[in-house]
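Visitor: I would like to learn how to read a protein model feature by feature. Could you take me through one, with the general idea first and the case at hand after it?

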Amino acid sequence: MEAEGGAAETGAPGRAARGERCGGCARKPKICLCAALPPSGPLDSKTRVAVLIHPAEAKRPCGTVPLLRLCLKNLVVRCGDAFPAPEEDLALHAALAEGGNRCVLLCPGPDAVVLRPPQVASEGGAAEPVPQGDVSEDVAGSAPVTLILVDGRWAQAKAMVNQSPWLQTLPRAVLAPAEQSAYRFRRQPAEGCLSTLEAVAEALLALEGARGPLLKESLLAPFREMVRLQVGFLPDATQDKNAPPEQRELPEFRAEDFFSADQEAAPPPASLCSRAPGDYCIVRWGQRRADGRDVIVVRCMHAPLDCVKRAAADLSAGQPHGRRCWVLTPGGVPAGARADLAQVRGG
């Protein structure tokens, strides 16, 4: 199976260290992560993790899949821009199903179940049952699971899923993380999104029972250290790119900044979108104030309405009620709404 190469820092290497790599983590000595890795080597897990990484993502410095390989034993990594069907790669699919594992795709979808830890601690410290609708046990069950993730930019990952009939047949799961991504120098496509390693850590916390907290912390420890070291090479890393909008200064939304009269939309697949394209904004609630609540525009799209609603549903997957998105026309966006530019321009 082809896998991606090791991560590399973006800082300028020193003369003496040029080309030199640590024998443990394959990183340059000044950014070595060995001290933060599991001391006994990669850890076992009942859940098998399978990652399809886009070739462009595999080349990016500070990717998290190489860290997964240093932390987990039960891991399958495939590099490619498409997921092969069973008849196209018998060995890969045998590895996914080995031991009677059931494959589950970690990806938003209309029937996706929400993965949460088996119990949630209340403010008083007592354990409370998981609320109805959070059905991690339906995924974990009695049979082991192969959890499949697609690693790439949002558009790349979406294309890889849409182009694979086999992936589209799989049951889906989503996460409801309690914290934002700690990938402070790399902007996530939407609030609540995580890096691949963070997503695996959250999923294992939900699926691995008593070992879940240990596995999560063992994955996050080298990730946090990688981020800490990398921040030293980046002059603009003082601001957390994944901080909630309430903690960032957001400009007022002006439709003319994002829509132009001569823009054109690429023709969508007829099976997905059936209406004529138009200008739409995907919005959500922001911070509560004494005189009301902010509206945050998170994406602007020139596309058919049903395609825009589908995108809003994807952004809402796994989010609590007060953080879900809905669709407005530019003229329907209330005065004083703010624009989360990092997300809007990515739409």
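Visitor: Let me start with a single residue. Is Gln319 buried or exposed?

Guide: Welcome! Please keep in mind that this is a predicted model. To judge burial, compare the relative accessible area with a cut-off: under 20% is buried. Gln319 has a relative accessible area of 17%, so Gln319 is buried. As for its place in the chain, Gln319 lies in the loop between helix 9 (305-316) and strand 11.

Visitor: How far apart are Gln319 and Leu175, in sequence and in space?

Guide: They are 144 residues apart in sequence, yet their C-alpha atoms are 8.6 Å apart in space. For the chain as a whole, take the contacts with a separation of 6 or more: residues 24 or more positions apart account for 73% of them.

Visitor: Now the overall inventory. How many helices and strands does the protein chain have?

Guide: There are 10 helices and 12 strands. The chain has 347 residues, and 47% of them count as buried. Its accessible surface comes to about 17600 Å², with 52% of that belonging to carbon and sulfur atoms.

Visitor: How do I read a sheet, and in what order do the strands of the open sheet stand?

Guide: The general idea is that strands of a sheet pair through backbone hydrogen bonds, either parallel or antiparallel. Here six strands form an open sheet in the order 2-1-7-3-8-4, and the pairing is parallel. Strand 2 (75-79) and strand 4 (113-115) are at the edges with a single partner strand each, so one side of each has no neighbour in the sheet. From one strand to the next, the twist averages 30 degrees.

Visitor: Which helix packs on this sheet?

Guide: Helix 7 (residues 196-207) does, touching strand 1 (48-53), strand 3, strand 4, strand 7 and strand 8 (172-175). The direction of helix 7 makes about 160 degrees with that of strand 7.

Visitor: How many bridges join strand 1 to strand 7?

Guide: Six bridges join these two parallel strands. Val49 stands opposite Leu147 in strand 7, and Ala50 has Ile148 as its bridge partner there. Strand 1 is also joined to strand 2, in parallel, by five bridges; Val51 of that set has Val77 in strand 2 as its bridge partner. Strand 7 (residues 145-151) in turn pairs with strand 3 (residues 102-106) over four bridges, again in the parallel sense. In that pairing, Cys103 has Thr146 in strand 7 as its bridge partner.

Visitor: What about the side chains? Which residues of strand 1 point one way and which the other?

Guide: In a regular strand the side chains alternate between the two faces of the sheet. In strand 1, Arg48, Ala50 and Leu52 point one way, while Val49, Val51 and Ile53 point the other way, and all are buried. Strand 7 is covered on both faces too: Val145, Leu147, Leu149 and Asp151 are buried on one side, and Thr146, Ile148 and Val150 on the other.

Visitor: On to the rings. How many aromatic pairs does the structure hold?

Guide: It holds three aromatic pairs. To classify a pair, look at the angle between the ring planes: under 30 degrees counts as stacked, over 60 as edge-to-face and the rest as tilted. Phe83 and Trp166 are stacked, at 5.4 Å centre to centre with 10 degrees between the planes. This pair links distant parts of the chain, 83 residues apart: Phe83 is in the loop between strand 2 and helix 3 (90-97), and Trp166 is in helix 6 (residues 165-168). Phe83 counts as buried, at 8% relative accessibility.

Visitor: Why is the pair of Trp285 and Trp326 called tilted?

Guide: Their planes stand at 55 degrees, with the ring centres 5.1 Å apart, so the pair is tilted. Trp285 belongs to strand 9 (residues 277-289) and Trp326 to strand 11 (residues 326-328), 41 residues apart. Trp285 is partly exposed at 33% relative accessibility, and Trp326 is partly exposed at 27%.

Visitor: Last topic: cysteines. How many disulfides are there?

Guide: A disulfide needs two cysteine sulfur atoms within 2.5 Å, and the count here comes to zero. Take Cys300: the closest cysteine sulfur, in Cys281, is 4.1 Å from its own, too far for a bond. Cys300 counts as buried at 10% relative accessibility, and Cys107 is buried at 16%.

Methods:
Residues numbered from 1 in each chain as written. Predicted model: local features only at pLDDT ≥ 70, side-chain atom pairs only at ≥ 80, totals over all residues. Heavy atoms only, no water. Pairing = 2+ DSSP bridges. Axes fitted to C-alpha atoms, helices over the stretch in contact; angles between N-to-C directions. Contact = heavy atoms within 4.5 Å. Phe/Tyr/Trp six-rings, centres within 6.5 Å; stacked < 30°, edge-to-face > 60°. Buried < 20%, exposed > 50% of the residue type's maximum accessible area, 1.4 Å probe, protein only. Areas by Shrake-Rupley, 256 points an atom, 1.4 Å probe, with all protein chains shown as cover.
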